[in-house]
Amino acid sequence: MAFSPTRSLFPVAALFVFGVAFFAQPANAGSVERSPQDANKQLNEEFDKSIYPILEINCIGCHSGSSPSAGLDLGALESTAQVAAEPKKYEKVIQMLRSQVMPPPDSGAPTLAEREKVVSWIQRALSQNCVLDGPGKVTIRRLNRNEYNNTVNDLLGIDMDLSKDFPSDDVGYGFDNIGDVLTLTPLHLEMYLKAARNAVDRAIYVAKPKLREANLEKVRIPDSARVTNEGGIFFFANGKFTTDFKNLDPGEYEITISAAETYAGFVHAQLELTLNGTRFQTFEISKTTLSNYKLPFTSKGGDLTVGIAFINDYYEPNNPDPAKRDRNLLVSAISIEGPQGGAVTLPDSHRKLLTAVPTTTLSHQAAARQVLESFVGKAYRRPATSDEINRLMSIYNMVRENKDSYEDAIKVCVQAVLVNPNFLFRVELDNRATAKARDLNGYELASRLSYFLWNSLPDQTLLDLAAKGELTKPSVLEAQVTRMLKDAKSARFTADFSTQWLQTRRLIDASPDSKLFPGFTPDLRNDMEQEIEEYFRDMLANNRPLSEFIDSKFTFLNARLARHYGIPGDFGTQFRRVDVSSHNRGGILGMAAILTVTSNPNRTSPVKRGKFIMEEILGSPPPPPPPNVGVLDEDTSAIAVKTMRERLEKHRSDPNCASCHQPLDAFGFSLENYNPVGQWRTQDGNFPVDNKGELPGNQTINGVNELKIYLLKRENDFTRSLTEKLLTYALGRGLTSTDSCMIEAIIPKVKKRGNHLSALITEIVLSDSFRKRTVTGTTQ
């Protein structure tokens with residue numbers, strides 16, 4: 001292959017930013033094996049014969065000579081090994097070609113087939129010389145808000161929203177579980193302590209004394225009363241005080257009030273009792289010596305505020321009998337007893353955590369050690385070390401020395417575990433610094449798998465398989481993927497991944513103009529998001545082909561969303577599967593959630609919608625816009641006299657913008673029949689809807705149906721894009737060149753399995769990118 005020093009291979013602009021790698025397997029995979037030298041020789045011959053002519057017509061004019069465009073001069077390229085030596089450069093070239101941003105329209109427009117021919121050649125050149133640089137390192141990272149909430153609830157067996165007040169998680173590579181951006185702040189530490197205390201209080205029952213007495217010396221008394229030497233409260237005029245009893249269990253109780261009166265005015269003193277601010281009973285205190293007044297009541301559980309009021313003061317200073325001049329009230333004690341009846345029913349969470357209790361044959365320390373060894377192994381997602389248990393036992397003993405109960409001491413230890421870095425962070429430690437890469441052990445695999453598919457910690461089945469050394473076997477790993485996807489907890493993955501991949505989490509911030517779209521309500525917003533989740537869940541559960549993300553005959557609707565879409569039928573509040581093939585729906589591109597988040601408040605945005613398709617569907621995001629780019633005139637008069645295409649024309653006419661806007665606008669305009677909240681329309685204000693898209697290479701797309709046909713022709717690109725998103729989410733890191741090799745190997749395997757979502761997830765889990773890691777301290 002004789003390369004001319006003046007030859008520059010590809011049109012690459014300085015706008016290259018979002019590099020995504022695409023490596024392919026050799027085209028002749030499955031045939032008689034050839035040596036790398038023979039394969040490279042054939043690639044070199046192919047370049048001269050088929051690839052260079054395409055580049056010469058479309059690219060060489062700008063990317064050659066002493067000052068090549070964007071500083072990219074490949075004239076000195078002499079072998080395919082040099083292509084493999086600079087994978088980042090060629091990954092960007094592939095991205096620009098696939099996105100159709102380059103070559104720019106004024107320098108030629110290769111057909112889609114020609115673009116794919118060049119891309120295929122680069123991929124095969126990279127594959128032939130692909131020297132794997134390790135499966136990648138995952139930064140030690142804390143649990144994000146969703147993971148923390150799910151993990152604590154699953155671990156303790158409770159159901160609480162513990163992370164609602166946590167700081168929001170930063171996003172990297174489109175997801176909020178990326179280790180590099182999951183920072184830890186002092187506020188996090190404060191919130192972790194509070195959440196741990198609240199969670200453990202809910203999970204573990206601590207027996208409360210049957211009889212509780214109020215400390216009257218500590219209550220705030222009114223000016224009309226004083227504290228006696230004996231600790232009682234003496235009312236010399238009308239007044240009220242309150243005292244609290246904390247954390248009662250539900251049940252039947254009895255309150256006892258010890259009181260006496262100073263009689264005067266021919267009427268006995270009256271004491272009004274309130275419970276939690278509600279008047280409950282009025283007692284006539286008829287004795288001048290202390291007597292007990294009892295009353296049963298029912299508590300729903302929680303805190304109880306008892307109010308005591310003297311309500312009928314009498315004072316007659318002129319009464320000739322000094323003993324009858326002044327009526328007063330003395331309250332010397334208040335107590336409650338209960339709950340009445342048999343033993344308290346322990347919550348399931350309590351029985352789940354306290355797997356051992358002290359008995360005549362099992363000391364409290366031995367029982368505590370059993371409980372902590374079991375709990376810590378689950379919380380840390382690996383067996384606890386003896387040092388870890390000994391440190392916790394020291395805490396346990398300190399609490400018991402303070403005369404607190406067995407349950408109280410266990411609660412303190414559990415709280416300590418919940419704020420330990422081994423719980424709050426997902427950790428994969430490297431012990432073999434000499435190796436460049438290593439296999440994950442069973443516990444690390446269990447953790448990766450459970451946080452991928454459940455957003456939570458491994459269950460006992462995964463931990464048992466890890467302990468036996470079975471989970472590292474591909475067949476066992478595959479069986480666990482199948483089991484876990486059938487588990488109800490996989491709904492967390494469905495909601496978490498789909499709403500981030502399709503960007504519908506941003507729906508909460510969408511604010512369509514209420515005058516233009518009065519039907520857009522919070523309830524409709526929730527329905528839009530649920531449609532996405534229901535559809536994704538159905539794709540996963542019923543093994544539907546990946547192509548049905550792009551086009552299908554169905555979606556999921558309830559009455560409110562069906563009415564929004566203008567689809568007649570018998571609908572209720574629950575979502576059900578509906579054939580919408582005759583209503584311009586089917587597939588994710590006709591879903592209101594996506595169409596709304598890619599619109600402006602008062603109009604559609606072909607640019608945002610086009611970017612969504614390029615980025616999330618085709619995996620070839622456009623470069624960022626140049627600085628100081630203009631904005632469209634949003635004045636109502638401008639909207640009234642110009643079509644959307646006319647208003648966008650100033651961007652398309654600018655040479656700095658045209659190369660990106662041609663594919664962006666083409667994809668975006670094809671969705672113009674959907675208004676800013678996803679309703680079908682044929683009129684845009686004063687103008688008929690213009691849904692024509694013009695792609696490079698004289699390709700025309702008219703409307704959403706032709707867009708779907710076009711995208712289905714690029715199904716491989718969609719599969720690759722979805723694989724990249726899923727792998728990024730599964731690993732919690734950005735992808736490497738090695739991951740790109742893995743992706744190209746995964747795609748044909750998924751097709752062989754039926755090209756459905758569960759097959760894709762399985763192949764990701766079985767890949768080296770998921771099952772291995774680059775050892776810390778080695779370079780990539």
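Reader: Ground rule before we start: helices are DSSP runs of H or I with at least four residues, strands are runs of E with at least two, and both are numbered from the N terminus. Where does Asn-584 lie?

Author: Asn-584 lies in the loop between strand S16 (576–579) and helix H18 (592–597). Keep in mind that this is a predicted model.

Reader: Noted. What is the phi of Asn-584?

Author: Positive, about 60 degrees, although Asn-584 is not a glycine. Most residues other than glycine have a negative phi.

Reader: Which other asparagine has a positive phi of about 60 degrees?

Author: Asn-455, again not a glycine. Asn-455 lies in the loop between helix H12 (442–453) and helix H13 (460–468).

Reader: Buried or exposed, that Asn-455?

Author: Buried, because its relative accessibility is 3% and the cut-off for buried is under 20%. Asn-584 has a relative accessible area of 25%, so it counts as partly exposed.

Reader: Backbone again. Where is there a cis peptide bond?

Author: Between Gly-338 and Pro-339, with omega at about 0 degrees. Pro-339 lies in the loop between strand S12 (326–337) and helix H7 (348–353). Most peptide bonds are trans.

Reader: Zoom out. How many helices and strands does the protein chain have?

Author: The chain has 27 helices and 21 strands. Of its 780 residues, 52% count as buried.

Reader: How much of the contact set joins residues at least 24 apart?

Author: Among contacts between residues at least 6 apart in sequence, 73%.

Reader: And the accessible surface of the chain?

Author: About 35,000 Å². Carbon and sulfur atoms hold 50% of that.

Reader: Inside now. How many residues are in the largest nonpolar core?

Author: The largest core has 91 residues. Phe-452, Ile-588 and Leu-722 are among those with the most contacts inside it.

Reader: What is Phe-452 in contact with?

Author: Leaving aside neighbours within four places in sequence, its partners include Phe-493, Leu-726, Tyr-729, Ile-761 and Phe-770. A second, separate core has 45 residues, including Tyr-148, Phe-166, Ala-379 and Leu-424.

Reader: Which residues form a nonpolar patch on the surface?

Author: Ile-140, Val-427 and Leu-429. Together they have about 270 Å² of accessible area.

Reader: Tell me more about Val-427. Which loop?

Author: The loop between strand S13 (425–426) and strand S14 (437–439). Its relative accessibility is 32%, so Val-427 counts as partly exposed.

Reader: Charges next. How many salt bridges does a search of the whole structure find?

Author: The search finds 35 salt bridges. Side chains of opposite charge can pair when their charged atoms come close.

Reader: What does Arg-720 pair with in a salt bridge?

Author: Asp-717, with the closest N and O atoms 2.9 Å apart.

Reader: Is Arg-720 buried or exposed?

Author: Buried, at a relative accessible area of 5%. Asp-717 is buried as well, at 4%.

Reader: What about Glu-763? Which partner?

Author: Arg-753, with the closest N and O atoms 2.6 Å apart. Glu-763 sits in helix H26 (residues 757–766), and Arg-753 sits in the loop between helix H25 (737–752) and H26. They are 10 residues apart. Glu-763 is buried at 8%, while Arg-753 is partly exposed at 31%.

Reader: And Arg-382, what does it bridge to?

Author: Glu-388, with the closest N and O atoms 2.7 Å apart. Arg-382 is partly exposed at 24%. Glu-388 counts as buried at 11%.

Reader: Which residues are linked in a network of salt bridges?

Author: Glu-428, Asp-430, Arg-438, Glu-444, Arg-448 and Arg-773.

Reader: Cysteines. How many disulfides?

Author: The count is 0, with a cut-off of 2.5 Å between cysteine sulfur atoms. Cys-413 is buried at 0% relative accessibility, and Cys-741 is buried at 11%.

Reader: Last one. What does Thr-228 touch?

Author: Phe-234 and Leu-330, not counting residues up to four places away in sequence. Thr-228 lies in the loop between strand S3 (225–227) and strand S4 (233–235). With a relative accessible area of 15%, Thr-228 is buried.

Conventions
Residues numbered from 1 in each chain as written. Predicted model: local features only at pLDDT ≥ 70, side-chain atom pairs only at ≥ 80, totals over all residues. Heavy atoms only, no water. Buried < 20%, exposed > 50% of the residue type's maximum accessible area, 1.4 Å probe, protein only. Patch = residues over 30% accessible without salt bridge, like charges linked within 9 Å, V, L, I, M, F, W, Y side chains within 5 Å. Areas by Shrake-Rupley, 256 points an atom, 1.4 Å probe, with all protein chains shown as cover. Salt bridge = Lys/Arg side-chain N within 4 Å of Asp/Glu carboxyl O. Core = buried A, V, L, I, M, F, W, Y, C linked by side-chain atoms within 4.5 Å. Contact = heavy atoms within 4.5 Å.
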